[in-house]
Amino acid sequence: MADVLERADAQGAAAVTAQDKLKVIDCDIHPSLHARADLYPFLAKRWQHHLETYGGHLRTPFTSTTPYPRSSPLLARRDAWPPSGGPPGSNLAFMRQQHLDPINIEFGMLQVLDLLVVSQQNQEFGSALQRAINDWQLECWSRPEPRLKPSILVSQDHVEAAVAEIERCAATGNYVQVNISPRANEPLGRRRYWPLYAAAQAANLPLGIHVGGYGGHAPTGGGWPSYYNEEHHSNAHSMAAQLTSLIIEGVPERFPRLKFVFIEGGFGWVPAISWRMDKHWQRFRDEVPHVRRPPSETVRERFWFTTQPIEEPEHAGDLRAVIEWIGVDRLLFSSDYPHWDYDDAHSAFKIPLTDAERRKIFNGNARAVYALG
Amino acid sequence: MATRAQSTRWGEAMVRHVVATTSEIAPGGNKVVTVAGREIVVFHVNGEFFALRNRCPHEGAPLAKAACVAHLKSDEPGRFQRSRVGEMLRCAWHGWEFDMRTGQSFCDPLRVRARAYAVAVEAGETLAKGPYVAETFPVTVEERYVLIDI
């Protein structure tokens, strides 16, 4: 026991030394509103009034909480509450001190979950919120801390407004991706969403698909789970469903320059779904003749996956096989700060990585996908 | 305050360090101390004191920020037993549970363990008799002290 621990400590120390020299690009950081009024400088009076009077309306049974109680208050690390008050992720100085500086973050991609813009059922309100949130990310986070890069968050079921928002934000040159939810009203490959993909491709921005959102459907194909423990797996199911939807509907072929980044859905399931898609594609090609290549080739060329929550197989070495099946080039490090399932850049990977692999996963891959200087 | 104690079973000399007065750590609370370069967290629960390395062996979260919970066990759906209230640590990040007494992990008990240190409580009067020498922590005869062996 003691030997095992000592060895693990020694390996950890070696990894830390290598990691310390490496600047990290973190593809999933969640800033939070301190209070709703933070948005008011960017939100018309009419919608401020609406927010105060009616609040949000999502397609879930509850309006002020999640359908599943999370394992910690506001989903957060218990040590991430800023000492000066406010919710985790709401204080830039504390975020710098707790995360950006010690982890040696070179760039961090902002992912906003507040008010679940992507799922607002009042689409005019959702459109106003998306604009306010996108402006707030830029003015209150990225301008004071240029390491943090804003994403164009869109309320995707109002396609027309979402396209206009993509064009408005992209024109500023400040945003690094277009963000949509994997839990929309229809699967993401459906044609109603294609104008979003056309706009993202025209703006040369990757499409970031972050878990979460409420499209009104049960989170699993089997129905509504009973426990958070059970529901949490549905993040991966949803992502697998959207990967097949996008590929089998022919979206990568239709938009040949668009890059797809799957965020916070894990990646252990990717090899199995790729094998299965290939197998079915070989047998039923004439059902979907627009899918011209084996799906796994498309996955390896056009899709990237963020690493958190890292897979933790019983034998750590098995993680290596999974990474090799997917390809080291496809993985982008992410922490999910300040949420409870945060991955620490120093200790999340329980397997040795070569310096070259480490540089790709923690920096180079994201630098290329997001065209960071 | 530190002193050289008897040899351990591994044959290495351990040093006993005075790290706190018993009254300064509230029940259910903890104190983080740095001893011999190691950050250690001392918990006070149900009248006892426990000391662990302040680092979760899973991904490195500070254990001082963990929730102190009970051991909850169920033999079948619908029945449960709750015991050892406050003696289980639930890590602030991923919720890994550790036994404060031993550092044993409930997620991976055979392979992962938080480093635990032996703790003793001594009266200031005993400490003042020596051979202990106060180094960094002042000792008075009126107080009771928490000591850990490293």
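Two residues are in contact if their C-beta atoms, placed from the backbone, lie within 7 Å. Let's take that idea into chain B: among its contacts between residues at least 6 apart in sequence, 46% join residues at least 24 apart.

A word on the model before we go on. It is predicted, so local features need pLDDT of at least 70 and side-chain atom pairs count only at pLDDT 80 or more, while totals for chains, interfaces and linings use all residues. Residues are numbered from 1 along each chain as its sequence is written, with chains lettered from A and ligands numbered from 1 in the order in which they are written.

Chain B contains one helix and eleven strands; these are DSSP runs numbered from the N terminus, helices being H or I of at least four residues and strands E of at least two. Along the sequence the order is β-β-β-β-β-β-β-β-β-β-α-β.

Now follow strand β4 (residues 38-45) of chain B. Six of its eight residues are buried, so it is largely enclosed by the rest of the structure. Buried means that 20 or more other C-beta atoms, placed from the backbone, lie within 10 Å of a residue's own. Across chain B, 33% of the 150 residues are buried.

Strands pair if DSSP finds at least two bridges between them. On one side, β3(B) (residues 30-35) runs antiparallel to β4(B) through six bridges, with B:Val35 opposite B:Arg38. In their hairpin, which has two residues between the strands, B:Ala36 takes a positive phi near 50°. β4(B) also pairs antiparallel with β5(B) (residues 48-53) over six bridges, and here B:Val41 stands opposite B:Leu52.

Note on methods:
Buried ≥ 20, exposed ≤ 12 C-beta atoms within 10 Å, placed from the backbone.
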